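Here's a quick briefing to read with the viewer open.

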Amino acid sequence: MKLNTQHPLVLAVQDMGIDASHAAAALVGFARQNGCKAASLSVEQGLNSFVDYLFTHPPDAAAAAREHSHTAAAAAPPPKGSAAAAAASRKRTLAGPAANGGYAGLSPAAAALTAPWNAPLTADEEQLDKFDLVNLKVFGHRGFRPQQKAIVMQAVAGRDLFVLMPTGGGKSLCYQLPAVICRGVTVVVCPLLSLMQDQVRGLCLSPRGGVPASFLSSQQSAEESAAVKRELRKARPSVKLLYVTPEQLVKSDSLRGLLQDLRGRGLLARFVIDEAHCVSMWGHDFRPDYKGLKLLKSAFPRVPITAVTATATSQVQADIKSILGISSSAVVHQTSFLRPNLLFRVVPKVREADTETDQPLYMTNLIKYIKAQQAAAAAAAAAGSSTVKQEPGMRGPGASAANGSSSSSGGGSCSGIIYCLSRKEAEGLADYLRGEGLKAGHYHAGMTPRQRMEVQNDFFSGKLQLIVATIAFGMGIDKPDVRFVVHFAMSKSLEGYYQEAGRAGRDGQPAECVLMFSGADVNRLQYMTRMSLRGSRVALRFANAMEQLHTMRDYATTERCRHAQLLAYFGVLHSDLPGGSCGSSCDVCRGEVVPLDPAEWQAEDEAAEGRDAADGVVPAGDDGEPIELLDSEEEDDDEVLPEFGCEDGAEAVSHSGVHVCAAGKRPGSSSSRRPQVDGPPTLVGVSTLLPL
Ligand SMILES: Nc1ncnc2c1ncn2[C@@H]1O[C@H](COP(=O)(O)OP(=O)(O)OP(=O)(O)O)[C@@H](O)[C@H]1O
């Protein structure tokens, strides 16, 4: 390694489990031996000093100026010609290292550069209040979206909160920003391990310097979780956000003991219940362990709670509040559910064979649709436009080939997600699309965590343009430029559909959500629901699941503004869409409905009734594979299985807490399946090299 000795070197280390400080010391020693001025400091030192600064220094220009003169006086002159010298010559240095006791051996200007949020403030920045300043410097946002700031302010004031925002609305900031500002640790309950890992990685590796975050999971090694716990026991833990699964929080006495210890020291800032709809059995993704979270209010009565979800009807909201013990008068923040940039369409899944390809017509149309989308994106990129105007007369994949041209694009890249009902269907369709020259990958819960991570990364990097997936894909996926989401088969509920479809167009640019409707798919879902939830113990849930399925079917088969139907379902039609229809953001309002054949799904419905009377038949999809209503990595999670295993080793399918045993088997308490996980290494710390 050759070092540039002209520049001082700062090694910022976040030590939360891995022994990064040893590595840092070794590197610093090496750098010094090679004539470099070098020092190490912790990333969290920078963040803490910034937060401390905000509390001790009101953001007015005079105070900032005083701080500047104080730090400037204390500063040792940085080496001439260095970046640090340039920084020191700029107007003001925000971070007061002397006051905050950090950065031994570094000049303030050099210290300021070690974490970008400590960089000198511009005159404009000095006018910002602490919320705007943290939003800008730590999260990189120039402003707040509707409701975000009010939520953040109330969180910092210690209120219980209920946050209801659509997919991609910006819910994470509503608890991550208060976590940065507030003293102590914010505990985030998160349903999926992969989601926790993504969030922690995103926070720690932020280009703006990172927010110290970590997680506890049963899939960590003992050393890793011990290191995280050791950090939490410190007088001043560096971790600002700690992610845990509901299972851990409910079942682990030692974790709760640790949290009680933090609470006793005034260092437990808040509980956040992410995907809070999982708490309610009326929600579309009920998960029994979430119900156990009712213990939080009794065990930690003074610790505020934020419940966060993208989908909750008023019944589900009431249920969540009652279970979590959030007072009914707690502030509910609900932003508009209207996503006007999304164009909703429903198209028939025409099964007749295409005479040219011998494939069902819906396959031909799907290919044409995707290629047309890509062509339009390329054309838009070539024309230097970031969007392509949605032209009347354009159709989704169920329409005739002649109409299969594109309707939306957000520029050069054209990513899409295609949701399937079963793993086999997802694999088969991805294969088929690749055969057609499309860059497609598949994703489902049957893949190893490493395989899933690879596919996800390829999708993010653009190596793959299409992901063909079961519903295992998507929660927490923050890819802004997904231009279309096609449902190859309908979802099991309208809430699920809106959440999945809502992964399109998170950047606010035009995007399409196309549902390929077929009576056969209604039948598949209906039959599987019957099989999975029948029995007296779950009678209510069964009835609820069927109602959800029928609401979904009605969405597809009713010729009424699609946006209006969705908003009415969430009970916000009048506030979000005062005119009662979107005007031009759905096939109905654009007069582009491709007619469905009512006889098809009505006949299927009756057929399903008939089949349901016949007993003991394992429901199967077109491909002969059992249909997966439910597809979650959690089925491989040994935190979940013990409570929901099946008798006699019968195969258990699990998704979001709904466990299905093979016909005739009762749910039991087997913990025999302990999966091998070969996922990516658990992230408990990061280190960053920052040359000055
Ligand atoms: N104030 C803001 N300004 C600019 N971008 C923002 C702002 N708030 C959030 N974002 C961005 O919006 C995107 C979506 O945010 P986030 O992931 O929090 O959505 P979400 O509501 O949690 O969605 P989901 O329900 O899908 O998880 C992210 O890329 C985030 O950085």
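Predicted model: local features only at pLDDT ≥ 70, side-chain atom pairs only at ≥ 80, totals over all residues.

The protein chain carries 27 helices and 18 strands, and buried residues make up 57% of its 692 residues.

**The seven-stranded sheet**

- β5 and β6 belong to an open sheet of 7 strands, in the order β5-β6-β4-β7-β8-β3-β9, with parallel pairing.
- β5 (213–216) and β9 (331–334) sit at the edges with a single partner strand each, so one side of each has no neighbour in the sheet.
- From one strand to the next, the twist averages 20°.
- As background, strands of a sheet pair through backbone hydrogen bonds, in a parallel or an antiparallel way.

**Strand β7 and its partners**

- β7 is largely enclosed by the rest of the structure, because 6 of its 6 residues are buried.
- On the β4 side, strand β4 (residues 185–189) and strand β7 (residues 268–273) pair in the parallel sense over 5 bridges.
- Across from Thr-186 you'll find Arg-270 in β7.
- On the β8 side, β7 and β8 also run parallel, with 3 bridges between them.
- Here Val-272 stands opposite Thr-306 in β8.

**Helices lying across the sheet**

- Helix α11 (residues 193–204) lies across β5 and β6 (241–244), and it runs at about 160° to β5.

**The six-stranded sheet**

- Another open sheet has 6 strands in the order β10-β15-β14-β11-β13-β12, and its pairing is parallel.
- Its edges are β10 (342–348) and β12 (440–443); each has a single partner strand, so one side of each is left without a neighbour in the sheet.
- Neighbouring strands here are turned by 20° against each other on average, direction ignored.
- Inside this sheet, strand β11 (residues 415–419) and strand β13 (residues 466–469) pair in the parallel sense over 4 bridges.
- Ile-418 faces Val-468 in β13.

**The ligand site**

- The ligand is surrounded by 14 residues, and the closest are Gly-143, Gly-168, Lys-171, Asp-478 and Arg-506.
- Which residue has a polar side-chain atom 2.6 Å from an oxygen atom of the ligand? That's Arg-506.
- Ser-172 also places a polar side-chain atom by a ligand oxygen, at 2.8 Å.
- With Gly-170, a polar backbone atom is involved, and it lies 3.0 Å from an oxygen atom of the ligand.
- On its own the ligand has 630 Å² of accessible area, and the protein covers 78% of that.

**Asn-135 in α8**

- Asn-135 is part of helix α8 (residues 130–137).
- Why does Asn-135 count as buried? Because its relative accessibility is 1%, and the cut-off for buried is under 20%.
- Leaving aside residues up to four places away in sequence, Asn-135 touches Gly-140, His-141, Gly-143, Phe-144, Leu-173 and Leu-177.
- Gly-143, one of those contacts of Asn-135, is also listed among the closest residues to the ligand.

**The chain as a whole**

- Among contacts in the protein chain with a separation of 6 or more, 75% come from residues 24 or more positions apart.
- The accessible surface of the protein chain is about 26,800 Å², and 53% of it belongs to carbon and sulfur atoms.

Technical notes: Residues numbered from 1 in each chain as written. Heavy atoms only, no water. Helix = DSSP H or I, 4+ residues; strand = E, 2+ residues; numbered from the N terminus. Buried < 20%, exposed > 50% of the residue type's maximum accessible area, 1.4 Å probe, protein only. Contact = heavy atoms within 4.5 Å. Pairing = 2+ DSSP bridges. Axes fitted to C-alpha atoms, helices over the stretch in contact; angles between N-to-C directions. Near = heavy atom within 4 Å. Polar contact = N/O pair within 3.5 Å; in protein donor to acceptor, adjacent residues only side chain to side chain. Areas by Shrake-Rupley, 256 points an atom, 1.4 Å probe, with all protein chains shown as cover.
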